[in-house]
Amino acid sequence: PSIRNYAPELRKPKSEYKVRYVYSLEKFRSLQDKLLLLDEAVNAHDGNVITAVLIYLKKSLSKEILFRELITREIALRHYIHYLKEIGEQKLLLMQYRDHLNVRDENKRRDFLKNCLSFPFSPDDATHVQDHYTLLERQIIIEANDKQVESSGQADIFKKYPRKASILNMPIITTLYYSCFYHYGESDGTFSSPANIRKTFRISDKQFLLTCLGARAKLKAWFDVDALFTTKNWLGYTKKRSPIGFHRIVDILQKNNAPVQVLQDYVNLVEDVEQKISLAQKYKCHDVIINTYRDLKDRQQLIVYRGKVEKGSSEYRKIEEILSNSVRRSFP
């Protein structure tokens, strides 16, 4: 008999949305036969027939296998989504989406994600899926380009710091870090530029700064680090600002073996005096400690600290000079 005879009546109430014509499909037992049946149904261009076959496949195949096969059959997938909506099983889509994130081949995964864009997810879930698709699409482009540039030996950055792993399927923050490491300074219009990634994926100022700081500090690019915090007002005066506490900046810089000259600039920007002195002592930023005690006019602490530095060193001489000046100025 013709396959058309197996179609259910979709115009009937949901309660009658039965598989009453599908029992005849039981003879299609192997996966190959079932998929052939589905492809024939799609070729027949009859929505009722397609849905009838899908109802049978949903009943006779595991969710994983069915979804895996539907991902490569766009028309059948659309009918399946419609059917799930009709019977109130949209949550199944989200489960299937999560189950299929382990697709190994990046191009198949990208195609799978592209199909997922049409799923009737909640607004938050839909945004997540869209971001996931956009991210993987970019990673494929960046990976292909960087692989070629690295193998050709054209860029010094890849010679000095060979890539340890592929960027494919990495989380967004790892991708941003990679971009800040290998693609810093690129124009905003390029997919691989940090600014473009930041804008596309709505990364917060705090998260962007922490990620960028980590990458540039790892490269010992102290000028770039400085530029991250420097703002200029309309009169041309520059000032350092940060959406996170400068004490955290100091810790990140120290972990990346920043020289004392760099560290002390940021220790100096810590507002809390006790915290500033504590960090300066921890990282041996002598100038910060001496200048802070000088500004506090704390002669006693200067004398104590003089005993901690090497006699005859530049720090020792600086304390001596402050103390002698303070006597002349009737320092308390």
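Modeller: A salt bridge here is a side-chain nitrogen of Lys or Arg within 4 Å of a carboxyl oxygen of Asp or Glu. This is a predicted model: local features need pLDDT of at least 70, side-chain atom pairs count only at pLDDT 80 or more, and totals for chains, interfaces and linings use all residues. Residues are numbered from 1 along each chain as its sequence is written, and side-chain values use heavy atoms, leaving out hydrogens and water.

Colleague: How many salt bridges does that rule count?

Modeller: Side chains of opposite charge can pair when their charged atoms come close. Here the count comes to 14 salt bridges.

Colleague: Which residue forms a salt bridge with Lys318?

Modeller: Asp287, with the closest N and O atoms 3.7 Å apart. Lys318 lies in helix α18 (residues 314-328) and Asp287 in helix α16 (residues 286-295), so the pair ties together parts 31 residues apart in sequence. Helices are DSSP runs of H or I, at least four residues, and strands are runs of E, at least two, numbered from the N terminus.

Colleague: Is Lys318 buried, exposed or partly exposed?

Modeller: Buried means under 20% relative accessible area, exposed over 50%, partly exposed in between (1.4 Å probe, protein chains only). Lys318 is partly exposed, at 23%. Asp287 is partly exposed too, at 29%.

Colleague: What about Asp224 and Arg216?

Modeller: They form a salt bridge, the closest N and O atoms being 2.8 Å apart. Asp224 is buried, at 17%. Arg216 is buried, at 10%.

Colleague: Which residues are linked with Asp39 in a network of salt bridges?

Modeller: Glu69 and Arg73.
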